[in-house]
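Colleague: Please take me through this entry, one topic at a time. I shall follow up as we go.

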Amino acid sequence: MGELVTMLREAWLDALAVVAPTECSGCGAPDRALCVSCRADLAPVPTPVDLSGVPVWAALDYGSVPRSVLLAFKDGGRTDAAPVLAGALRAAIASALRDGRACGGEPGIRIATIPSTRAAFRRRGYHPVELLLARSGLRSERVLRPIRRAADQASLGAAERALNRAGSLRCMPRAAGRTYLLVDDILTTGSTLREAARALRRAGASVAGAAVVARTERRDGLNGWDQVPAGFTGDL
Ligand SMILES: [Zn+2]
């Protein structure tokens with residue numbers, strides 16, 4: 001019996017060695033889930049972003065550490081970063097709800113997220129933004145649905161992204177008459193949030209604004225966010 005327990009314990013420790021992080025997902029420092037310095041780089045500074053038609057609050061600039069941590073969280077299985085990223089997202093949501101433009105005085109604002117493609121959900125086994133919301137004790141209403149698979153966004157410029165996104169979401173009829181705050185992880189060109197707002201409004205819902213974990217740097221020209229950050233998969 002004792003032997004069996006030892007064997008099981010060893011098997012468990014072997015399994016842990018596979019899944020337990022051995023380096024910081026922000027800078028690669030050994031033996032830390034997320035080092036102190038990278039944690040500091042993820043301290044939220046909610047900032048309003050002027051995306052036409054949708055007031056957005058972003059918790060972080062998409063600099064080197066937020067980028068590494070978000071990509072590792074989304075596509076590298078590094079869910080250990082969820083508590084820190086959830087804290088950043090919570091700060092952006094709180095700012096969006098305090099923002100007069102976002103609130104508009106309506107009571108009972110609900111949260112809507114962008115649906116994952118089926119392939120992305122299968123690959124990850126979780127929806128990154130839903131996971132962060134759950135960590136924050138918040139829930140979204142899954143009123144948005146993909147209509148067709150949008151082409152890979154990563155190689156596209158802002159105008160192409162907008163075209164690629166247009167008409168890619170539909171909204172459930174039950175959203176009519178309700179007010180939503182859109183919540184997403186990374187604001188790149190804004191085409192995804194614009195499309196989500198369009199779908200919600202078309203279904204008769206109001207859009208109070210949006211909150212995101214991080215935003216990429218704004219470039220002048222076009223409609224704002226036309227920079228595709230290195231390593232960004234564009235996958236939802
Ligand atoms: Zn680090």
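Colleague: What should the 12 residues of H3 span, and what do the end C-alpha atoms show?

Modeller: At 1.5 Å a residue (times one less than the number of residues), H3 should span 16 Å, and its end C-alpha atoms are 16 Å apart, which agrees. Helices (H or I, at least four residues) and strands (E, at least two) are DSSP runs, numbered from the N terminus. Please note that this is a predicted model: local features need pLDDT of at least 70 and side-chain atom pairs count only at pLDDT 80 or more, while totals for chains, interfaces and linings use all residues. Residues are numbered from 1 along each chain as its sequence is written.

Colleague: How many residues of H3 are buried?

Modeller: In H3, 9 of the 12 residues are buried, so this helix is largely enclosed by the rest of the structure. Buried means 20 or more other C-beta atoms within 10 Å of the residue's own, with C-beta atoms placed from the backbone. Among the buried residues of H3 are Val65, Leu70 and Phe73, and also Arg67 and Lys74.

Colleague: Which elements do those buried residues pack against?

Modeller: The buried residues of H3 pack against helix H2 (36–41), E2, H4, H7, E6 and E7. Just after H3, Gly77 takes a positive phi of about 70 degrees.

Colleague: Turning to the core, which residues have the most contacts inside the largest one?

Modeller: Ala92 and Val213 do, in a nonpolar core of 56 residues. Such a core is a set of buried Ala, Val, Leu, Ile, Met, Phe, Trp, Tyr and Cys residues joined through C-beta atoms within 7 Å. The elements that give two or more residues to this core include helix H3 (64–75), helix H4 (82–98) and strand E7 (206–215). H4 gives the most, with 9 residues.

Colleague: What is Val213 in contact with?

Modeller: Leaving aside neighbours within four places in sequence, Val213 is in contact (C-beta atoms within 7 Å) with residues including Leu70, Leu85, Leu89, Ala92 and Ile186.

Colleague: Next, the sheet. What is the order of its strands?

Modeller: The open sheet of 5 strands has the order E1-E2-E7-E6-E3, with mixed pairing. Strand E1 (47–51) and strand E3 (110–113) are the edge strands, each pairing on one side only. Pairing requires at least two DSSP bridges between two strands.

Colleague: In which sense do E2 and E7 pair, and over how many bridges?

Modeller: E2 and E7 pair in the parallel sense over 5 bridges, and Trp57 stands opposite Ala211 in E7. By contrast, E1 and E2 run antiparallel, joined by 5 bridges. Thr47 has Ala58 in E2 as its bridge partner. The hairpin of E1 and E2 has 2 residues between the strands, and Gly53 there takes a positive phi near 85 degrees.

Colleague: Which strands does H4 lie across?

Modeller: H4 lies across E2, E6 and E7, and runs at about 145 degrees to E7. Here axes are lines fitted to C-alpha atoms, for helices over the stretch in contact, with angles from 0 to 180 degrees between N-to-C directions.

Key: Contact = placed C-beta atoms within 7 Å.
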